Amino acid sequence: MAGSKSVVMAALIANGAIAVMKFVGFLLTGSPSMLSETYHSISDTGNQVFLLIGIRYGAREADARHPFGYGKAQFFYSFLVSVLLFGIAGWESAKHGYHKIQEALAGGHHEGAREAVELLGYSFEPVYVNYAVLVGAIVFETWALLKARAVMRRQMDTHGWDSYAEAFRKTSDVTTLTALTEDTIALSGAGLALLGVFLTRQTGDPIYDAAAALGIGIMLMGFALALAWENKRLLLGESLRETRLATIRETILAHDEVDAIADLRSVYFGPGQVLVTGDVDFDQALTTDEIEAAIGEIVAAVKEAEPDVHKVYLEPT
C-alpha cells in the first residue's frame, strides 16, 4: 500500500505542475496539441486525487456493514478514473484536434504561433515556451514513470510474471496499474505534442499540430477502455488464476486428514486481498475437535503458500 501511495503522490506533484505550464504554453501559442496536453494533465491530476481517495477509503477497517473491509473501493475509484477522467479528456482532446484539422484543411492559420512576446526586455517566439514546457513534462513524467515501474517490477518478481502485459492482466493493485498506465500515456503524449509543434513550426502547416492533438485524444480513449476493462474484472469478483488455485488445492490435499476437495472458490475483496472458501471431505474417523484442529492447520498453511490470501473458510462435508 505504501508503494502505491508514493507512486500516486509522485504523479500528483508532476502532473499538477505540468498542467499549469502546458496551459500557459497554449495561451501564448494557441497550439491545439498543447490544449490537448493541458486536458491530459488536468485529467491526470484529477486521477491522482481519485486514487488517493480510493487508497484512504480502502484502508478502513472491516465493520458490520462491510465484514470483508473496504478494499474494493480502490477498484471503484480506479474505474472512475478510467471512464470519467481518461474518457472525457480523451474525447475533448480528439474533438479539438479533429476541428483543428478541418480548419487546417480549409486553409486556416495557426493563431498566435509566430507572434513575438516581450519579456524582461527580450523578444522571443512563444513556440519556444512549448518546447521548454514539453521537454520539462517529459522529464517529470519519466521520473513518475520510473517510480511506478519500480513498484510494478517488485510485484512481477514476487508473482513470477514475465512481462508488463501479463502484469496488466493479472495484478489486483489497480492503483499502481493506473498510475503506471497514465504515466506511460503522459510521456507518449508529450512526445507526440512536441513532434507536432516542431513540425508545424518548421513547415508552417498547422495540420501537424492538429493531428498530434487528435492522436493524443485517441490514445487517451484507447487506454481508458483498456483500464476500464481491467477494473471491471475485479469489480465483478474475479477469482485467483488457476495456477494459484492449484497451489492452494495441493496445499490442502497435502494434509493426511483430507480425503478430497469437493469445491474450492476464491475472490478478490481488495488489492492483494483474497477470500478462499471450500468444501472439504475429511477422514470420517476424525472427531469434531480433530477436524477443527486440522482446519486451523490448513488455513495457516494456505496463507503461507499464498500471501495474498487473507480469509479462508473451509466447510467439512
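Colleague: Which element gives the largest share of the negative patch?
Modeller: That would be α9, with three residues. Before we go on, this is a predicted model, where local features need pLDDT of at least 70 and side-chain atom pairs count only at pLDDT 80 or more, while totals for chains, interfaces and linings use all residues. Residues are numbered from 1 along each chain as its sequence is written, and side-chain values use heavy atoms, with hydrogens and water left out.

Colleague: Thanks. Which residues form that negative patch?
Modeller: D259, D283, D289, E290 and E292. Patches are made of residues with over 30% relative accessible area and no salt bridge; like charges are joined within 9 Å, and nonpolar side chains (Val, Leu, Ile, Met, Phe, Trp, Tyr) within 5 Å. Asp and Glu count as negative, Lys and Arg as positive, and His and the chain ends are not counted. The place of a charge is taken as NZ of Lys, CZ of Arg, CG of Asp or CD of Glu.

Colleague: And where does E290 lie?
Modeller: In helix α9. E290 has 40% relative accessibility, so it counts as partly exposed. On the cut-offs, buried means under 20% relative accessible area, exposed means over 50%, and partly exposed is in between (1.4 Å probe, protein chains only). The areas come from the Shrake-Rupley method with a 1.4 Å probe, and for residues only the protein chains shown count as cover.

Colleague: What about a nonpolar patch, which residues make that?
Modeller: I13, M21, F140 and W143 make a nonpolar surface patch of about 370 Å². The elements giving two or more residues to it are α1 (2-29) and α4 (127-159). F140 sits in helix α4, and its relative accessible area of 35% makes F140 partly exposed.

Colleague: Switching topic: how many salt bridges does the structure hold?
Modeller: Eleven. A salt bridge here is a side-chain nitrogen of Lys or Arg within 4 Å of a carboxyl oxygen of Asp or Glu. One of them pairs the side chains of E103 and K100, at 3.4 Å from N to O.

Colleague: How far apart are E103 and K100 in helix α3?
Modeller: They are three residues apart in α3 (residues 73-105), so about one helical turn separates them. E103 is partly exposed at 39% relative accessible area, and K100 is partly exposed at 22%.

Colleague: Which parts of the chain does the R244 and E306 pair link?
Modeller: First, the pair itself is a salt bridge of 2.9 Å, N to O, between the two side chains. The pair links distant parts of the chain: R244 is in helix α8 (residues 242-253) and E306 is in the loop between α9 (288-305) and β5 (309-316), 62 residues apart. Both R244 and E306 are buried. Elsewhere, salt bridges that share partners join E230, R233, E238 and R241 into one network.

Colleague: Let's zoom out. How many helices and strands are there?
Modeller: The protein chain has nine helices and five strands. Helices (H or I, at least four residues) and strands (E, at least two) are DSSP runs, numbered from the N terminus. Along the sequence, the pattern reads α-α-α-β-β-α-α-α-α-α-β-β-α-β.

Colleague: And why do you call it more spread out than a compact globule?
Modeller: Because the radius of gyration of the protein chain is 26 Å, well over the 20 Å that the globule rule gives for 317 residues. That radius is taken over C-alpha atoms, and the rule is 2.2 Å times the number of residues to the power 0.38. The C-alpha atoms fill a box of roughly 90 × 35 × 35 Å along the principal axes. Of the 317 residues, 47% count as buried.

Colleague: What about G270, where does that lie?
Modeller: G270 is in strand β3 (residues 258-270) and counts as buried, at 0% relative accessibility. G270 and P206 are 64 residues apart in sequence and 48 Å apart in space, C-alpha to C-alpha.
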